[in-house]
Number of protein chains: 2
Amino acid sequence: MDPLPTLKWKGDSLRLLDQRELPCNEVYIDCRDVNSLAGAIRTLAVRGAPAIGIAAAYGAVLAAITTDSGPDFIEGFQAKLDKLSGTRPTAVNLFHCIEIQREVFRKTGNREDAIKALLESADDLLAQDLDASRSMGRLGAELLKPDSTVLTHCNAGGLATAGLGTALAVIYEAWDRGLIRKVYADETRPLLQGSRLTSWELIRAGIPVDVLPDSAAASLIRDGRIDAVIVGSDRVAANGDIANKIGTYPLALAALKHGVPFYVVAPLSTFDLSTNTGSEIIIEQRSRVELSSYGERQLLPEGAGYWNPAFDVTPAAAITAIICEKGVISPPCEKTVRNMLDGVDMFL
Amino acid sequence: MDPLPTLKWKGDSLRLLDQRELPCNEVYIDCRDVNSLAGAIRTLAVRGAPAIGIAAAYGAVLAAITTDSGPDFIEGFQAKLDKLSGTRPTAVNLFHCIEIQREVFRKTGNREDAIKALLESADDLLAQDLDASRSMGRLGAELLKPDSTVLTHCNAGGLATAGLGTALAVIYEAWDRGLIRKVYADETRPLLQGSRLTSWELIRAGIPVDVLPDSAAASLIRDGRIDAVIVGSDRVAANGDIANKIGTYPLALAALKHGVPFYVVAPLSTFDLSTNTGSEIIIEQRSRVELSSYGERQLLPEGAGYWNPAFDVTPAAAITAIICEKGVISPPCEKTVRNMLDGVDMFL
């Protein structure tokens, strides 16, 4: 499997596959400054925890390129990184990558050096992400039995990373090994990343996929039609609790109830030891319009309120294993999470 | 609360509020024959287990009106009832009401008698449904504590019945008694009956409502923000298992996990003693288009399969109580279900 064209540095801009237009149109947008990139992240032209981290790393390059050298250079650069930090609150990869770039920046002497060092660092982060996807794919595929039917939620694929995916990296590798019979993809309301993105990716890879309403997954699990649930994550807390797309928690409950393995696939860039438990994770609240209309059609009457959290928290106790690029973590997680991260520079 | 204008007999036609057009437009359609009514049931212009039962009862009147008297009258009439029976498979009210009308028909001597008797019977069924709603509302409201925030799924309101509802009858009555702080309504993919219908009904009644993605309900329940879950049903089996709109089962799992009462509100016309357990209930499968597009917008790529069941089964063990017009049934249900139905003519 080759990486998807999720994001690519073009010398003076970051080219993004505009995920808002999928599956109908394959359209690219070139972000030439931090404002346009921040808009792209906020409106989900690029999304997925690893992908927005790497996009922000290239955003730091854009920040340096688009800030005049001079006495206000450092302040101007940092303000642009602050803007990127403020785009989305839940995925920790965004903050990790921005912190790494701030550190890289601090070690440089002038604007030209900074641009060069930031670009090298962003390229490194992208390469690490691709390597991590390949490792997670291999480790995860080992856990699946032959002829598996698996269920996934939202999009944790090449579109959510630098191009190879987290949960879908496992599915791609397992498919290559002949272990996958079929994938069920929750449609994932309200933005339908399962319908629009995951099924698009899987069809592109030749893997059979059936899309279902999120609320139908529990019946499928109860009926014994799912061998494993495989999802990504936006943040892994020190105790092994995870935040992921809204709807992950009820899936985990159904899997637990019916004895189906529930796997979370997340690179180390998604781990956050400064978050002790899932209850400390800030959950992004999204707007009414995502629930109130689709295209021209109005779905909600005037006067109806809404509650639209983008993520939920699944406790470690409901997770069979977390697969990261360094190994497979099984509950109780906390000690293993700390061991896994021991010696990983980016978290020191 | 006055009954909603869900369905009304107009002398020679059945007028339906076209629920496909809500919440944008309040449009009525007049069904003058069985074909148009069958189409309205199949395409959900009228939906909800009690409402389609009563609509079919009036459909029997239309069947008699639109069949010429003569040697083929009986056969022609019965064929039209068969057509109504074939519209939707899961809600048992449809079959009950059609069986009642067949029995009424058998006792009549000619076409004029039949039309008169069928109409009286349909009017009786409608009146019974309204009475049942009022009783269930009173019995259910007794179970709620003051200042309750309740969660409901799909539409089990006046639009799903002759005009007063099942789950929403309880909420209306509890609101009148000052027991309700707020209602959360699952949007209920794929046809969004929660967004389009339940919120429309509740706003009309002046009751505060927040709509949420179906998959967000588990978080709301875990966070202690829901005092009771209240849903309707399309069929209650002899052992107390129930079929209801897809997504009911994961709600019940979350409620059970977090100790929140889970109430099912269903008139006796929804009970089916010939169905021993939920596993015997035929679950309607709906079409791909409900998942693949909304208005002009394509949501699924070519080649993506789908799984779109309209209902799921919730086991009696996950249900706190079933509220019917004769009382409140708590598990273990089977004996109580049989006692409740003892002496109810329509099931003999």
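Biologist: Helix α2(A) passes α4(A) in a right-handed crossing. At roughly what angle do the axes of these two helices cross?

Modeller: The model is predicted, and two packed helices are described by the angle between their axes and the distance between the axes. The axes of α2 (residues 49-65) of chain A and α4 (residues 92-106) of chain A come within 7 Å, and they cross at roughly 25°.

Biologist: Are α2(A) and α4(A) roughly parallel or roughly antiparallel?

Modeller: The axes of α2(A) and α4(A) cross at roughly 25°. Angles under 35 degrees count as roughly parallel. The relation of α2(A) to α4(A) is therefore roughly parallel.

Biologist: How many nonpolar residues does the contact of α2(A) with α4(A) have?

Modeller: On the side of α2(A), the residues in contact include I52(A), I54(A) and A60(A), while those of α4(A) include L94(A), C97(A) and I98(A). By class, the contact of α2(A) with α4(A) has no charged residues and three polar ones, and its nonpolar residues number 10.

Biologist: In chain B, are α1(B) and α2(B) roughly parallel or roughly antiparallel?

Modeller: The axes of α1 (residues 34-42) and α2 (residues 49-65) of chain B come within 9 Å and cross at roughly 165°. Angles over 145 degrees count as roughly antiparallel. The two helices α1(B) and α2(B) are therefore roughly antiparallel.

Biologist: Which residue in β3(B) is the bridge partner of L17(B)?

Modeller: Strand β2 (residues 14-17) of chain B pairs with β3(B) in the antiparallel sense over four bridges. In β3(B), the bridge partner of L17(B) is Y28(B).

Biologist: What is the pairing of the open sheet of four strands in chain B?

Modeller: Two bridges join β8 (residues 235-237) to β9 (residues 242-245) of chain B, and these strands run antiparallel. R235(B) stands opposite A243(B) in β9(B). For the sheet as a whole, in the order β11-β8-β9-β15, the pairing is mixed.

Biologist: Which peptide bond of chain A is cis, with omega about 0°?

Modeller: Most residues other than glycine have a negative phi, and most peptide bonds are trans. P190(A) lies in the loop between β5 (180-186) and α7 (193-204) of chain A. The cis bond with omega about 0° joins R189(A) and P190(A).

Biologist: What is the omega of the cis bond from L22(B) to P23(B)?

Modeller: P23(B) is placed in the loop between β2 and β3 of chain B. The peptide bond from L22(B) to P23(B) is cis, and its omega is near 5°.

Biologist: What is the phi of D147(A)?

Modeller: D147(A) is in the loop between α5 (111-141) and β4 (148-152) of chain A. Although D147(A) is not a glycine, its phi is positive, at about 65°.

Methods
Residues are numbered from 1 along each chain as its sequence is written. Chains are lettered from A and ligands numbered from 1 in the order in which they are written. This is a predicted model: local features need pLDDT of at least 70, side-chain atom pairs count only at pLDDT 80 or more; totals for chains, interfaces and linings use all residues. Side-chain values use heavy atoms; hydrogens and water are left out. Axes are lines fitted to C-alpha atoms, for helices over the stretch in contact, and angles run from 0 to 180 degrees between N-to-C directions. Angles under 35 degrees count as roughly parallel, over 145 as roughly antiparallel, 65 to 115 as roughly perpendicular and the rest as oblique. Two strands pair if DSSP finds at least two bridges between them. A crossing is left-handed if the near helix is turned anticlockwise from the far one by less than a right angle, and right-handed if clockwise. Contact means heavy atoms within 4.5 Å. Ala, Val, Leu, Ile, Met, Phe, Trp, Tyr, Cys and Pro count as nonpolar, Asp, Glu, Lys and Arg as charged, and the others, Gly among them, as polar.
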